[in-house]
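Reader: Hi! Could you walk me through this structure? I'm new to this.

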Amino acid sequence: MVSVSDRKLVLAISSRALFDLGDSHTVFEKEGLEAYSRYQIEHENDVLKPGDAFFVVQKLLRLNEQLPGEPRVEVILLSRNSADTGLRVFNSIEHYGLNISRAAFCGGESPYRYVSAFGCHLFLSTDADDVRHALDHGIAAATLMASSSQTEHGDQLRFAFDGDAVLFSDESERIFKQQGLKAFAESEKAAAMKPLSGGPFKAFLSALQSLQKEFGDEETPIRTALVTARSAPAHERVIRTLRAWDVRIDESLFLGGMDKGAFLKAYGADVFFDDQKTHCDSARTHVATGHVPHGIANELMKEGD
């Protein structure tokens, strides 16, 4: 029998993703750690403004109010602050009524090493290095990019995912990058019956779907979408892969290379995850966006730096 704790969805969030710490971070960059610590202590009773992941976290935690029994969602705060300077963060958490009680304050060190220990399915941060480390250790992770846009669907939470190198491995994308579109299309048609390997977000999607099932098919407060540059005939392998995984996606958009931003706005995504920086830059003007620095596209980008 599966226990409630086994079904729990656990999200790790950095303090800079949860709240807008822009002013204090500027103090840190210009004046150093001592001035930053002094600034945070002097302002510890000043409530922080919401950050780019705030409303996603808020909606996730509200799901616990809609299901009986033990909470099905937990949010863990991971921070480079010390507990002393982090008091402002917890004061802000209390102000907004967010049910977050577990945290790791790492005193300037990277907090990613605690993601696995807390049993997290997803790590959201504004620090790209921390995100890469989490991905290297098998945890779904994304670097949140600043967005001026907010979507609202009441309490409904809408996730959108790219396919290759996010939900799926980058095995197909490698063929596209190295051999071109024609070779990619031929390879995908030939391998249509062979499921793709899982990417870094497969386990998170599975945990999210388990939570969806708690609500049944009617009026679920969670909705998911696949938003991919693929088109026919490369769509078939994706559909058969999701069937093989026994995973249901509510909406699937096969865009054939069209810009994703307008479609994400139409879908009303609360957050979109993509491995390619160019797609993220387009999406962030419409919705909150997480860059997943994984796969060949990012390897090639590193080589070009």
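Author: Happy to; we'll talk about a strand and its partners, then about aromatic rings. This is a predicted model, where local features need pLDDT of at least 70 and side-chain atom pairs count only at pLDDT 80 or more, while totals for chains, interfaces and linings use all residues. Residues are numbered from 1 along each chain as its sequence is written, and side-chain values use heavy atoms, with hydrogens and water left out.

Reader: Which way do the side chains of strand 2 point?

Author: Val73, Val75, Leu77 and Ser79 point one way, and Glu74, Ile76 and Leu78 the other way. In a regular strand the side chains alternate between the two faces of the sheet.

Reader: Which strands does strand 2 pair with?

Author: Strand 1 (residues 9-14) pairs with strand 2 in the parallel sense over 6 bridges. Strand 3 (residues 103-105) also runs parallel to strand 2, joined by 3 bridges. Two strands pair if DSSP finds at least two bridges between them. Leu77 of strand 2 is the bridge partner of Ile13, and Leu77 also stands opposite Ala103 in strand 3.

Reader: New topic: how many aromatic pairs are there?

Author: The count comes to 14 aromatic pairs. Rings of Phe, Tyr and Trp (its six-membered ring) pair if their centres lie within 6.5 Å; planes under 30 degrees apart count as stacked, over 60 as edge-to-face and the rest as tilted. One of them joins Phe54 and Tyr96, with centres 4.8 Å apart and planes at 65°, so this pair is edge-to-face.

Reader: Where do Phe54 and Tyr96 lie?

Author: Phe54 lies in helix 5 (residues 54-62) and Tyr96 in helix 6, so the pair ties together parts that are 42 residues apart in sequence. Phe54 is buried at 2% relative accessible area, whereas Tyr96 is partly exposed at 26%.

Reader: Nice! Which residues form a ring cluster?

Author: Ring pairs link Phe159, Phe161, Phe201, Phe204 and Phe273 into a cluster.

Notes
Buried < 20%, exposed > 50% of the residue type's maximum accessible area, 1.4 Å probe, protein only. Helix = DSSP H or I, 4+ residues; strand = E, 2+ residues; numbered from the N terminus.
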